[in-house]
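Open your viewer and get ready to select residues by number.

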Amino acid sequence: MNYSVSSLISLISRIHSITADFTNKKLLSLGNLSSSHGFILYLLSIEGTLSKGKISHRINRDKSTTTSLIKKLIADGLVQETPDSADSRIKNISLTDKGMALSPITSQISKELLEVCYKGFSEREKEQLLSLLCRMNENVEKALQ
């Protein structure tokens, strides 16, 4: 398909879909994990411990979907859930030792995806793309409020 300015959102959606396919294919070696599971593992490897709410926001999924994703990771022994020390209603999620062992793999998958996506881009072009997409994101977030 040829894209135009008026079909840019369709292109962004397509890129999202095919990058998830790329990630899912790479995650097959780790078991029955999806790109959303991989993203949670990657986030936790960088951030350490995050609340379910923060994970939900970062992966752009509703709380029930995030809970379902996290339950699978708990069942697989990759993450653990602990009550927040200040507010026991908040559940914090962190990697287990088994989950930490996957950090080099999830980091490598992320690195490979970035290499594929940015192939042929200069550093300046990458920064411009980031700036433009951040502006677009801000515009849509403001419109939702």
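Start with one definition: a residue is buried under 20% relative accessible area, exposed over 50%, and partly exposed in between, using a 1.4 Å probe and protein chains only. This is a predicted model, where local features need pLDDT of at least 70, side-chain atom pairs count only at pLDDT 80 or more, and totals for chains, interfaces and linings use all residues. Residues are numbered from 1 along each chain as its sequence is written, and side-chain values use heavy atoms, with hydrogens and water left out.

**Stop 1: a strand residue**

Select Ser94. You are in strand S3, residues 91-95. Strands (E, at least two residues) and helices (H or I, at least four) are DSSP runs, numbered from the N terminus. Is Ser94 buried or exposed? Ser94 counts as buried, because its relative accessibility is 12%. Now show its contacts, meaning heavy atoms within 4.5 Å. Leaving out residues up to four places away in sequence, Ser94 touches Leu44, Gly48, Thr49, Leu78, Val79 and Gln80.

**Stop 2: salt bridges**

A salt bridge puts a side-chain nitrogen of Lys or Arg within 4 Å of a carboxyl oxygen of Asp or Glu. By this rule there are six salt bridges. Here are some to select.

- Pick Lys52 and Glu81. Their side chains meet in a salt bridge, 2.9 Å from N to O. This pair links distant parts of the chain: Lys52 sits in helix H3 (residues 52-59) and Glu81 in strand S2 (residues 79-83), 29 residues apart. Glu81 has 34% relative accessibility, so it counts as partly exposed.
- Pick Lys72 and Asp76. The closest N and O atoms of this salt bridge are 2.6 Å apart. Lys72 is partly exposed at 24%, and Asp76 is partly exposed at 26%.
- Pick Asp87 and Arg89. Their salt bridge spans 2.8 Å, N to O. Arg89 counts as exposed because its relative accessibility is 71%.

**Stop 3: a nonpolar patch**

Switch to a surface view. Select Leu8, Ile9, Ile12, Phe121, Leu129 and Leu133: they make a nonpolar surface patch of about 470 Å². Patches are made of residues with over 30% relative accessible area and no salt bridge; like charges are joined within 9 Å, and nonpolar side chains (Val, Leu, Ile, Met, Phe, Trp, Tyr) within 5 Å. The areas come from the Shrake-Rupley method with a 1.4 Å probe; for residues, only the protein chains shown count as cover.

Which helix gives the most to the patch? Helix H1 does, with three residues. H1 (8-27) and H7 (123-144) each supply at least two. Finish on Phe121, in the loop between helix H6 (103-117) and H7. Phe121 counts as partly exposed, because its relative accessibility is 35%.
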